[in-house]
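Hi everyone, thanks for making time this morning.

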Amino acid sequence: MQKYPAALIPANRLYPGSQIALCEYGYLIASQRPLLAQSIDLNPEVKKALGLEFGVDKWEQVVAHLDKLIALWDRSVSNELPLSNNFDLAIHKVYDFLASRSIINQHGNWLK
């Protein structure tokens, strides 16, 4: 999970589908839910039945993940530790996601 900055280190147990996320969403919510170790190609109906659906209603998790990324950046600056290229990619993906959901307006201000 080193690919995804701020990723959770999940407890060694079984998780119901509603508590995990597919790797394709790792850059968006890795700090909020355990990720499946590898990407799997599932029919959208199967994803929904397993609780793996990632819809617009989950933007709060993306914002919470952004908070974790900012905290990671703050720690790296104060300790003079380098961040990986994946950090930049995660930030870009989060902002792209939020911008596509009109959470951020064209002036960069958060909408209420």
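Let's begin with the side chains of E24 and K47, which meet in a salt bridge, 3.6 Å from N to O. Please keep in mind that this is a predicted model. Searching the whole structure turns up one salt bridge.

How exposed are the two partners? E24 has a relative accessible area of 41%, so this residue counts as partly exposed. K47 is at 17%, and therefore falls in the buried class, because the cut-off for buried is under 20%.

Among the elements of the chain, helix α2, residues 44-50, has the lowest mean pLDDT, at 83, while helix α1, residues 26-29, has the highest, at 93. The chain as a whole averages 83, with 85% of its residues scoring at least 70.

Now let's step back to the overall fold. The chain has four helices and zero strands. Of its 112 residues, 29% are buried. If we take contacts with a separation of 6 or more, 59% of them join residues 24 or more positions apart. The exposed surface comes to about 7,600 Å², and carbon and sulfur atoms supply 53% of that.

What about the inside? The largest nonpolar core has 20 residues, and those with the most contacts inside it include Y4, L28, I29 and V94. Helices α1, α3 and α4 each give two or more residues to this core, and α4 gives the most, with five. In general terms, nonpolar side chains tend to be buried together in soluble globular proteins.

One last stop, for those of you who like details: S76, in helix α3, which covers residues 59-78. Is S76 buried or exposed? Its relative accessibility is 7%, so S76 counts as buried. What does its side chain find there? A polar atom of the S76 side chain lies 2.8 Å from the backbone oxygen of W73. Leaving aside neighbours within four places in sequence, S76 is in contact with L81 and L83.

That's my tour, and I'm happy to take questions.

Key. Residues are numbered from 1 along each chain as its sequence is written. This is a predicted model: local features need pLDDT of at least 70, side-chain atom pairs count only at pLDDT 80 or more; totals for chains, interfaces and linings use all residues. Side-chain values use heavy atoms; hydrogens and water are left out. Buried means under 20% relative accessible area, exposed over 50%, partly exposed in between (1.4 Å probe, protein chains only). A polar contact is a pair of N or O atoms within 3.5 Å; within protein, one must be able to donate a hydrogen and the other to accept it, and residues adjacent in sequence count only if both atoms are side-chain atoms. Contact means heavy atoms within 4.5 Å. pLDDT is the predictor's confidence in each residue, from 0 to 100. A nonpolar core is a set of buried Ala, Val, Leu, Ile, Met, Phe, Trp, Tyr and Cys residues joined through side-chain atoms within 4.5 Å. Accessible areas come from the Shrake-Rupley method with a 1.4 Å probe; for residues, only the protein chains shown count as cover. A salt bridge is a side-chain nitrogen of Lys or Arg within 4 Å of a carboxyl oxygen of Asp or Glu.
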